[in-house]
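Trainee: Please take one part of this model and go through it closely, residue by residue. I would then like to see how that part relates to the rest of the chain.

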Amino acid sequence: IGALVLSASLLVGCLTGLTGCASIKSGKRIIRISHAQSETHPEHLGLLKFKEYIEENLGDKYEVQIYPNELLGGAQKAIELTQTGAIDFVVAGTANLENFADVYEVFSMPYLFTSEEAYHEVMNDVDYMQQVYESTNAAGFRVLTWYNAGTRSFYAKKPIYTPDDLKGLKMRVQQSPASVNMANAFGAAASPMSFGEVYTAIQQGVIDGAENNELALTNNKHGEVAKYYSYNKHQMVPDMLIGNLKFLEGLSDEEYQVFLDAALISTQEEMLYWDEQVEAAKQIAINDMGVEFIEVDVGVFQDKVSEVQQEMLDDNPNIRELYDHIQEINKKYA
Ligand code: GCU
């Protein structure tokens, strides 16, 4: 099925000129990257740098093609394609990785990071993160770098001021057990589905809302169908650039270094745009879409889920080390 989806998408790509089919004949190894965002999103801009750097340094051998907008399927499908080597890279949130390596559950903990500074410091520590990145080797893929995906909050068709307002609301979460637990702990009725399905599900009233960073309102147009965004700030969940392990291990040491450098450069590029795009998204959401941003008492949301971190630690010993490490960094910025 994966191959079918890919060939169908490539066909569409050829017809619309997206993939540059001529280059398939050029003898270069085509590297395909899938992601879920639009072509103006910081991640796409970061990936353009990735492409540029690879082609500058290894352009006689490789051509990098970027497929945005879930063109090759939602995160879970695209991860499967990367696992089998049907495509080479995918960008996906850590929630999607929990089924492959349960250490990634830690990022789904509500209020794990206590500041953006701590979040960035943990994620930018390339040496420390290696052991985490290698945890999916057995599944046939490995993380090369992370991308900032901001802070997640709830948004819905009706205003949410306190956790009581979430009671009975069907809220979309990412497709992971820990994400489901998180939303349920807030009192909502968690409804897991892929990112690309969320717009229609809200529009048709299948769900009442979702939770994400501000860019979901504009880049993914959710602000057209959900008019209230409440800053309860429950998570900072990173996105990961994931590569097929066989492909990565088949590279020479020099080539592998070029890919690693390209990945780091893409992260720096992505981060450059994040804050300004969030600011711009807010203005567009308010002025053009009529979205209301609500400042809430974050403390009452924290209280509501105060047991969840301990429960998760009890259930999954594999997150303990990374959790403790993050707490140390949190303290630095307290
Ligand atoms: C963010 C994140 C994506 C993720 C999405 C989601 O947009 O950057 O990687 O897929 O949220 O909630 O599914």
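Mentor: K233 is partly exposed, with 18 other C-beta atoms within 10 Å; on this scale a residue is buried if 20 or more other C-beta atoms lie within 10 Å of its own, exposed if 12 or fewer, and partly exposed in between, with the C-beta atoms placed from the backbone. This is a predicted model, in which local features need pLDDT of at least 70 and side-chain atom pairs count only at pLDDT 80 or more, while totals for chains, interfaces and linings use all residues. Residues are numbered from 1 along each chain as its sequence is written.

K233 lies in strand β9 (residues 228-235), where strands (E, at least two residues) and helices (H or I, at least four) are DSSP runs numbered from the N terminus. Although K233 is not a glycine, its phi is positive, at about 50°. E70 sits in the loop between β2 (62-67) and α3, and its 19 C-beta neighbours inside 10 Å make it partly exposed.

To place these residues in the chain, one needs its division into domain 1 (2-149 + 238-277) and domain 2 (152-236 + 288-332), with bounds that come from an automatic or database domain assignment. The C-alpha centres of the two domains lie 24 Å apart. Across the boundary, 32 residues of domain 1 are in contact with 31 residues of domain 2, a contact being a pair of residues whose C-beta atoms, placed from the backbone, lie within 7 Å. On the side of domain 1 that touches domain 2, the elements giving two or more residues are α3 (75-84), α4 and α5 (126-133), and α4 gives the most, with four residues.

Helix α4 (residues 116-124) also packs against helix α13 (residues 320-332): their axes come within 9 Å and cross at roughly 135°. Axes here are lines fitted to C-alpha atoms, for helices over the stretch in contact, and the angles run from 0 to 180 degrees between N-to-C directions. The two helices are therefore oblique to each other, since angles under 35 degrees count as roughly parallel, over 145 as roughly antiparallel, 65 to 115 as roughly perpendicular and the rest as oblique. The crossing of α4 past α13 is right-handed; a crossing is right-handed if the near helix is turned clockwise from the far one by less than a right angle, and left-handed if anticlockwise. In this pair, A118, E121 and V122 of α4 meet I326, I329, N330 and K332 of α13.

D102 belongs to the loop between β3 (89-93) and α4, and with 17 C-beta neighbours inside 10 Å it counts as partly exposed. Although D102 and N316 are 214 residues apart in sequence, their C-alpha atoms are 7.7 Å apart in space. Leaving out residues up to four places away in sequence, D102 touches N316 and N318.

The largest nonpolar core has 84 residues, and V90, A92, M171, L241 and I242 have the most contacts inside it; such a core is a set of buried Ala, Val, Leu, Ile, Met, Phe, Trp, Tyr and Cys residues joined through C-beta atoms within 7 Å. At least three residues of this core come from each of domain 1 and domain 2. Not counting residues up to four places away in sequence, V90 touches I33, S34, H35, A78, I79, T82 and I242.

Y273 is placed in helix α10, is partly exposed with 18 C-beta neighbours inside 10 Å, and, leaving aside neighbours within four places in sequence, is in contact with P42 and L45. The C-alpha atoms of Y273 and N148, 125 residues apart along the chain, are separated by 10.0 Å. N287 also lies in helix α10 (residues 253-289), but N287 is exposed, with 9 other C-beta atoms within 10 Å. N287 and A75 are 212 residues apart in sequence and 31 Å apart in space, C-alpha to C-alpha.

How values were computed: Two residues are in contact if their C-beta atoms, placed from the backbone, lie within 7 Å.
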